[in-house]
Amino acid sequence: MKLLAAILGSLLLSSLASAQTAGYWRFETFNGMTAIDAGPNQLDGLHNGFGTIVSDVAVAEVPLLQLNNIGAFATQWQNASTAGVVRVADDAENLRMGASDFTIEAWIRLAQTSTNGGANQRQHLCFKKRLSAPDVEMDYGFLVQAGDFGSSGNELVFRCGDGATVTTIVSGLEVNDLDWHHVSVAYDASRQMLRFGVDEAYEEVPLVKQNYPQYQEGGPLEIGGRRNASNDYSQLLRGVIDEVRISRIFLEESRLLTGAATDCDGNGVADELDITIDPAVDCNRNAVLDSCELADRPDLDCNLDGTIDTCQIDAFRYVLDDGESEGLVDSDGTHTAWMNLMFVEEGHESVTGIEVLMPASQIGDPFGLYLWTDPDGNGIPDDSTVIAGIEDLVVDEVALLTFDFPRAVTIGPPGTPFFVGVIASSIDEFPATLDIDAPHTFGRSWIIGRNGPIDPDDLMEEVVELNLIEMFIAGNWVVRAVDDESAIPFTDCNRNDVDDVCDIANGTSVDVDGDGVPDECGIPGIFLVPGDFDSIAQAAAIVASGSEIVVGPGTWTERVDNFGKDLVIRSSDGPAATIIDLGFSNTTAFWIQGSAGGTTVVDGFTIRRSGETGILIDDASPLVINCIIEDAVSGVDGTAILINGVSSPVIESCIVRNNDGSGGGAAIRITTQSPGYATIRNCEIVDNTSGSFAGGVLAYGSPVLIEGNLIRGNISSADQGAGVSIVDDYDDEVRTVIRNNVIAANGFTTQNGEGGGIYLAFADSALIEGNLVVGNTGRDGAGIYVRTGGTLINNTVYGNVAGPFEGRGGGVFIEVSNGPVEIVNCIVWGNEASDGDGQIHLTDSGLADVSFTCVEGGYAGEENIAFDPQFVSVETDDFRLAKGSPCIDTGDDFASTPGTTDLDGNQRIIGVAIDMGCYETQDDSASCFGDLDEDGLVAGGDLALVLADFGSKGPDLLGDLDGDGLVDGADLAGVLSAWGPCP
């Protein structure tokens with residue numbers, strides 16, 4: 001049996017009450033031990049027997065509500081064991097705020113003011129935290145006397161926890177006498193701003209709560225004191241409390257209890273009280289009765305149905321599928337759970353139900369539906385816990401059915417990850433319905449199996465399977481999270497709060513093509529931001545496919561979706577002037593999905609400080625050009641760019657720098673599905689870090705073209721690849737190509753790293769051509785690591801260092817070959833290894849066919865040489881070939897790819913043959929190895945110069961043709977091998 005079955009069968013959720021007023025304790029009287037809640041949620045509190053109701057009140061009539069006020073709560077403070085406190089149980093979590101808007105207000109009259117002399121001087125008005133928990137888990141605490149938190153001890157204070165630390169915000173406002181004062185604290189989540197109030201004075205202070213732990217059971221609310229982790233009361237308020245009201249909204253100052261009352265409908269009841277009693281009378285939550293709004297503004301009901309248009313909503317769905325199933329799946333275990341990973345979208349922070357398609361085999365058999373957290377935000381459900389669930393459900397038809405929660409479930413701020421899914425309660429074959437038809441969203445659909453019932457609160461208990469479904473077959477589960485509570489017009493494509501039909505009817509919008517859609521939404525055009533639209537996201541949501549959005553200088557903080565449309569989104573003044581700064585929030589700047597036509601363009605933006613990924617591309621083939629993606633700190637793979645699905649994007653002329661994926665992965669991650677083929681061209685990918693595979697570029701199960709890039713200074717704390725990692729490209733016909741890149745100074749924080757510059761594994765058809773691989777570090781294959789196969793042509797591999805312990809293959813390391821790795825026309829020189837061959841190292845199962853290659857120390861194979869390649873200047877990183885280099889005109893013309901250029905973009909094969917290495921000397925007279933006197937002939941004069949230095953040691957000896965610091969028989973042989981006229 002599942003431990004939480006009885007609870008989940010009825011209710012296990014965190015709800016957002018529909019009322020703006022969450023709880024309102026007036027303290028007019030105690031009903032026995034009970035403090036009555038005058039709010040709509042009936043959250044009556046219990047006092048501990050020490051406090052009492054007194055007639056000393058702040059005001060005779062509450063101004064905003066016009067309610068008579070005859071009682072207040074005196075805490076009867078004598079000492080910590082005799083102070084009165086009211087505890088409000090909150091099983092449905094109406095009073096839990098997390099990172100949502102809220103307002104807490106009351107009148108207080110202190111019996112004594114505090115000093116800054118210690119924790120016992122702190123006075124809490126209210127405090128909310130689960131029982132037996134430390135303060136790091138508190139939802140909120142509102143102090144009217146700071147005690148040792150403040151400089152005087154009289155300041156207001158707000159505190160909250162993130163699960164690990166406590167944030168304490170001390171106001172500059174104080175209560176420093178024993179008179180009645182109205183105190184308040186309010187949080188505006190959209191601005192991440194906290195507002196304190198004392199009487200008519202207000203102060204705003206920034207407060208970022210994006211990582212607030214909203215998913216734990218929130219515990220009771222305490223009025224008049226605080227509980228410590230042992231559940232003992234402390235830090236109690238000493239005095240009288242009147243009219244405590246908590247609202248699930250950031251109230252403007254005029255809507256606090258001190259505000260002036262209105263009675264627009266003339267019913268003798270203050271409007272705010274009407275709304276408190278029945279929130280439905282203010283559907284758009286603007287503190288004006290709907291009836292009064294419609295009387296004053298008939299245009300708000302353009303379709304004349306008696307309801308404000310903006311309150312008529314269509315349910316929003318978090319969905320990955322197309323609503324139909326083409327396959328049924330079960331796990332390796334006897335019982336199966338299946339779940340989709342979702343991310344909270346702005347305006348849809350709550351979920352009202354779950355929509356699911358169950359197969360015929362499940363008819364009559366019970367199952368459970370759940371929402372789960374993703375505490376570490378890595379997209380893997382191994383640590384997830386239940387937010388909400390409904391169990392013991394059965395279906396009697398195969399159809400998309402929605403099962404509603406008793407109350408809406410608050411998930412979290414935009415970008416918060418969560419899971420929605422199903423657990424089959426009995427042993428059924430193939431209970432999970434899978435949408436197999438493309439397009440798909442990968443990395444989001446998980447299957448879990450166990451040989452026995454699955455506990456939704458411990459999915460990893462005796463688990464026998466935890467896998468992404470695409471490990472076996474492409475698809476997404478047919479299960480969705482539904483939000484039918486958010487006030488978003490359902491026919492308002494231009495987002496002007498007027499029904500589109502009415503826009504057209506009243507002439508606000510034109511509909512030339514007669515399709516019933518305003519032309520600004522239906523006909524492509526060129527639109528300006530700012531100008532035609534206030535934000536990039538708004539423009540992208542409204543304009544028709546094929547439109548161009550031109551963005552002027554400025555800084556935005558938004559996520560931009562293309563909504564499956566082909567759009568050109570470009571800046572007018574380039575990335576230096578046009579910035580999207582995400583402030584480390586768990587979101588992305590550009591979400592490009594379902595645009596396979598290749599005509600979507602993102603051009604000329606700086607994308608800064610993502611907490612997830614800068615650009616997400618899924619089943620789309622955009623051009624991303626001239627962008628800077630920097631300074632992300634993320635726990636996901638693809639801190640700068642994440643490419644999934646059937647996608648063939650081109651990332652060109654971009655700078656990807658200083659992105660921190662030490663808790664996640666590579667700056668650019670590519671996980672495409674055939675026939676997807678990504679291109680990374682002419683970019684700078686520098687100084688990124690990773691906790692998984694490469695710091696720079698990772699292509700996992702995906703062929704890719706990586707061409708003309710600078711990949712430098714990337715660091716990995718994993719073991720495979722630091723600059724570039726290619727793992728298991730799936731298509732031998734469409735090969736991975738890494739061509740004409742500078743791959744330099746990449747390395748590891750560990751001592752087990754393989755492939756500091758390039759890591760190539762299970763990609764036998766891959767071509768590595770024309771690259772300069774220099775100064776990388778790692779244990780094995782500091783320059784290039786190859787496992788199972790690949791082809792290396794015209795690369796210059798220099799100065800890479802394998803080590804420090806048991807390092808092998810400073811230049812190239814080859815392991816477990818399916819066939820000989822072909823190395824042709826390369827220069828492998830000046831590399832070091834602490835244990836094994838410094839230049840090219842083969843394991844016992846590694847195979848290589850090396851030819852026409854310059855290898856320091858020599859290497860067996862056709863036309864290989866061991867002479868100093870004579871670079872122009874190693875000291876200045878100029879690895880072009882100096883005149884007279886033995887690597888000029890000595891390569892194999894037939895090995896290189898026809899039409900390719902060298903690393904400078906110059907034509908290949910200048911002279912009688914192609915040069916070795918990544919550069920082609922453009923002077924066709926430069927090729928005359930051994931012509932030391934430069935007379936166009938290798939003859940007696942050159943032999944005499946070698947003999948003159950014969951036996952000498954040291955640098956820069958004219959006769960030292962092989963560059964080993966010694967003029968000996970090898971150099972003499974070099975002259976004799978080149979004897980005769982220069983080519």
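Helices (H or I, at least four residues) and strands (E, at least two) are DSSP runs, numbered from the N terminus. This is a predicted model in which local features need pLDDT of at least 70, side-chain atom pairs count only at pLDDT 80 or more, and totals for chains, interfaces and linings use all residues. Residues are numbered from 1 along each chain as its sequence is written, and side-chain values use heavy atoms, with hydrogens and water left out.

**Exercise 1.** Find which strands pair with β59, and by how many bridges.

*Solution.* Start with the pairing rule: DSSP must find at least two bridges between two strands. β55 (residues 697-700) runs parallel to β59 and is joined to it by four bridges. Ala699 stands opposite Ile726 of β59. Next, β63 (residues 758-761) is also parallel to β59, again through four bridges. Here Ile726 faces Leu760.

**Exercise 2.** Work out which way the residues of β59 (724-727) point.

*Solution.* Val724 and Ile726 point one way, while Ser725 and Val727 point the other. All are buried (under 20% relative accessible area, 1.4 Å probe, protein chains only).

Notes
Buried < 20%, exposed > 50% of the residue type's maximum accessible area, 1.4 Å probe, protein only.
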